[in-house]
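The exercises below are meant to be worked with the sequence and the 3D structure at hand. Try each task before reading its solution.

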Amino acid sequence: MIFTPYPDEMEKINLIQRYNSGDYALLRLTFTMIDKNNLDANGFFRDILLQAGIVDYEALDHGGKNGKSVTADFILPGRVDGVKMNFYRVANARGDRRFSIESIRQKAKDQWINVGDLLYLACTKGGEGQPKVMIINLTHHFPAASDLEARLGVDDVYQYLEELRPKLESIVRSGYHDNAKGAGKISPKDVGDTLEALLGIETNNRCDADYKGRIEIKAKAGKTLDTLFTLRPCFEGTPIAAYEPNDRQRVSAFARYYGYESSKHPGAKSLYITIGSEAAPQNTQGFYLEVNEEDRRVELRRTHAAAKKSELTAFWTFSALKEELYRKHPATLWVAGKARMHGKIAQFQYEKILFSRSPQFTTLNKCC
């Protein structure tokens, strides 16, 4: 189940991420959740717990008595409460993954939580450096920034961003700047090299991010767009795998198999479509994206209107998507500007600066 934050809750998540930049899970409380205290541990939350070394649900035997209990930090204004959480699998054939929060009904009676509240769940380091679950109510009783800093510390990326901010503001206000390499024609990399020189960053072809190894700087003088990344899908177990035995040819086979007759190339097929969710697929061919938490993948499916069923046509594994996301999108300053020639020297004016950082993988999947 996907829990979407309201705008004010999203602002609070953004504040938390200044202190905890890791992945997180969200849980919108219902009456039944509070009354039964039998909460679903969705795939994203299970991944977070596994990566932190807190619990591996697949290693648990079925039944509540075979679960694992830990003490979590419930961060409130001015204090941190220790609450017991129990992670377990239901004693049925599927072994449904569940967890409980100690005294959740009493907390509801005391109005520390309410039906409809959105909880933020993440794993952090505790006082002794051990992994610990953290709970924050995004809807009511949200802690102050000072409370978050006291418990979590400050993320170094945001510290470095604050270091750069005065210099960036001065560069933008100062208008045009001479090309750092001196006279000559403009090369595509000059706009970035000049900005780095203005920031006092040595251009040394380092293998990590430009600023202190943590913030990448991408500058351009023009209107071309950036693409986050494009990752080749998998086709195992799909009609494409049966249609084209050579895996290296399956991307082109996809267009041949599902495409429509090309208006530009007689006898050939094309397939140019926008793909959305099942509720809003954005195309007339029936393709849509679906997050399959159990199999840990994002699936490209196609609905057969006549047969009233869908088929799997391709997929991307969570692990491959996450690896590519973090590799392609570190903390980044995106700087847009324009160029001109002033005699024999090129000049650059930096007009717009945006900052982004590696998005949480769970958040990216919620967009699918």
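The protein has 11 helices and 16 strands, and the model shown is a predicted one. Its C-alpha atoms fill a box of roughly 80 × 65 × 30 Å, taken along the principal axes, and buried residues make up 42% of the 368 residues.

**Exercise 1. The sides of helix α5**

Task: Find which residues of helix α5 (residues 145-152) are buried, and explain why they lie on the same side of the helix.

Solution: The buried residues in α5 are D147, L148, R151 and L152. They cover an arc of only 105° around the axis, and therefore they sit on the same side of α5. The general rule behind such a pattern is that an α-helix has 3.6 residues a turn, so residues three or four places apart point the same way.

The next step is to ask what the buried side meets: the buried residues of α5 pack against α1 (7-16), β3 (68-76), β6 (118-125) and β7 (131-137). The face turned away from this buried side carries the exposed residues S146 and A150. After the helix comes G153, whose phi is positive, near 80°.

**Exercise 2. An enclosed space**

Task: Determine how many cavities of 30 Å³ or more a search of the whole structure finds, and describe the lining of the second largest cavity.

Solution: The search finds 2 cavities of 30 Å³ or more. The second largest cavity holds about 40 Å³ of space, and it is lined by F74, I101, I104, K107, I113, L119 and I135. Sorted by class, this lining has 6 nonpolar, no polar and 1 charged residues.

**Exercise 3. A residue in a loop**

Task: Decide whether D96 counts as buried or exposed, and list what D96 touches.

Solution: First place the residue, which is found in the loop between β4 (79-89) and β5 (97-101). D96 has a relative accessibility of 14%, and because buried means under 20%, D96 counts as buried. Leaving aside residues up to four places away in sequence, D96 touches Y88, R89 and V90. Y57 lies 39 residues from D96 along the chain, and the C-alpha atoms of the two are separated by 9.6 Å.

**Exercise 4. A hairpin**

Task: State in which sense strands β12 (residues 287-292) and β13 (residues 297-304) pair, and how many residues lie between them.

Solution: The two strands pair in the antiparallel sense over 6 bridges, and N292 stands opposite R297 in β13. Together β12 and β13 form a hairpin with 4 residues between them, and R296 in the turn has a positive phi of about 60°.

Key
Residues numbered from 1 in each chain as written. Predicted model: local features only at pLDDT ≥ 70, side-chain atom pairs only at ≥ 80, totals over all residues. Heavy atoms only, no water. 1 Å grid on protein atoms, 1.4 Å probe; cavity = no way out; pocket = protein on both sides within 12 Å on 5 of 7 lines; lining within 4 Å. Points joined across faces, edges and corners; volume = space filled by probe spheres on them. Nonpolar A, V, L, I, M, F, W, Y, C, P; charged D, E, K, R; others polar. Buried < 20%, exposed > 50% of the residue type's maximum accessible area, 1.4 Å probe, protein only. Arc of directions from axis to C-beta. Contact = heavy atoms within 4.5 Å. Pairing = 2+ DSSP bridges.
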